[in-house]
Every structure is written in structure tokens, then in C-alpha cells.
Amino acid sequence: MFFVGFISADEDLCHALAEQLSQDDQWQHTVFSSLEDALAAWSDALPPLIFWDAETAPAKDDMLDFFAMRLEDKTPNPVLLVLGDAPQVIQKEGVTETLSRPLRLGYLLTRLSFYRRILQ
């Protein structure tokens, strides 16, 4: 089982992702509509793979600083896929890949599978 965390307020995207990942028993995932909610739930540890839709789930500056600190403290750093423009403080701490809209679901699933293979 491989854990991936999704942060997005785009309900259609989250539903489509959850539906596709549930067809493969190798994935475990959680979905949060904000960065604040995700970081509160991940108080002990960040997942190894994070997809953050920075356009639909933007964060306040203090939360971005906290997220950047959490990314920096984790060894190895989690793989972070960002949809949209990542704030500068997050880019500096290691955005693995930046995606843009329109986002094809098949492409995103392929990228997630690619990083899962690398991390396992």
C-alpha cells in the first residue's frame, strides 16, 4: 500500500482521482480541501507523495512557512506535485514537479505511478 495525500478544493478532480485510485489496491489516499487541514491531519509525518492544487487551495503566508519547514525537516523529502504556481517559499524547499491546467487525469495518474515506483 502506498500513501498519497491530495490537497485540492476542486471536488470534481478529487472525486475522479479517488475513483481511479480505488480501482488499484496498491494506493491509499486522503483528500483535504485546504493546506491547513492537511497539515493538521499530518501532524506526525508527511506522506511520501503529496499533490497540492495551489490554485484551488491557496494558503496563508504563515501556513506556507510552516509547510516549508515541514518539507525541509523530512528526510528524504516528500515528492511534491503542485498544480499551478507554487509560492516562492515552497519552490525553494523542493517542488518536485509543477503541473498546469488544463490537467489531464491520465497524465496525473501516470506521474503519480512514476513517483510511486521511485519511492518504493
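Is Phe6 buried or exposed at 1% relative accessibility? Phe6 counts as buried, where buried means under 20% relative accessible area, exposed means over 50%, and partly exposed covers the values in between, with a 1.4 Å probe and protein chains only.

## Basis of the model

This is a predicted model, in which local features need pLDDT of at least 70 and side-chain atom pairs count only at pLDDT 80 or more, while totals for chains, interfaces and linings use all residues. Residues are numbered from 1 along each chain as its sequence is written, and side-chain values use heavy atoms, with hydrogens and water left out.

## Aromatic pairs

Rings of Phe, Tyr and Trp (for Trp, its six-membered ring) are taken as a pair if their centres lie within 6.5 Å, and planes under 30 degrees apart count as stacked, over 60 as edge-to-face and the rest as tilted. By this rule the count comes to five aromatic pairs. Phe51 is buried, with a relative accessible area of 1%.

The rings of Trp52 and Phe67 also form a pair, and since their centres are 5.9 Å apart and their planes stand at 90°, the pair is edge-to-face. Trp52 lies in strand S3 and Phe67 in helix H3 (residues 61-73), so parts that are 15 residues apart in sequence are tied together by this pair. Trp52 is buried at a relative accessible area of 1%, and Phe67 counts as buried at 0% relative accessibility.

Leu80 is found in strand S4 (residues 79-83) and counts as buried, at 0% relative accessibility. The C-alpha atoms of Leu80 and Asp44 are separated by 18 Å, the two residues being 36 residues apart along the chain.

Arg101 and Pro102 are joined by a cis peptide bond, with omega about 0°. Pro102 lies in the loop between strand S5 (97-99) and helix H5 (105-119).

Leu119 is found in helix H5 and is partly exposed, with a relative accessible area of 33%.

Definitions and conventions. Helices (H or I, at least four residues) and strands (E, at least two) are DSSP runs, numbered from the N terminus.
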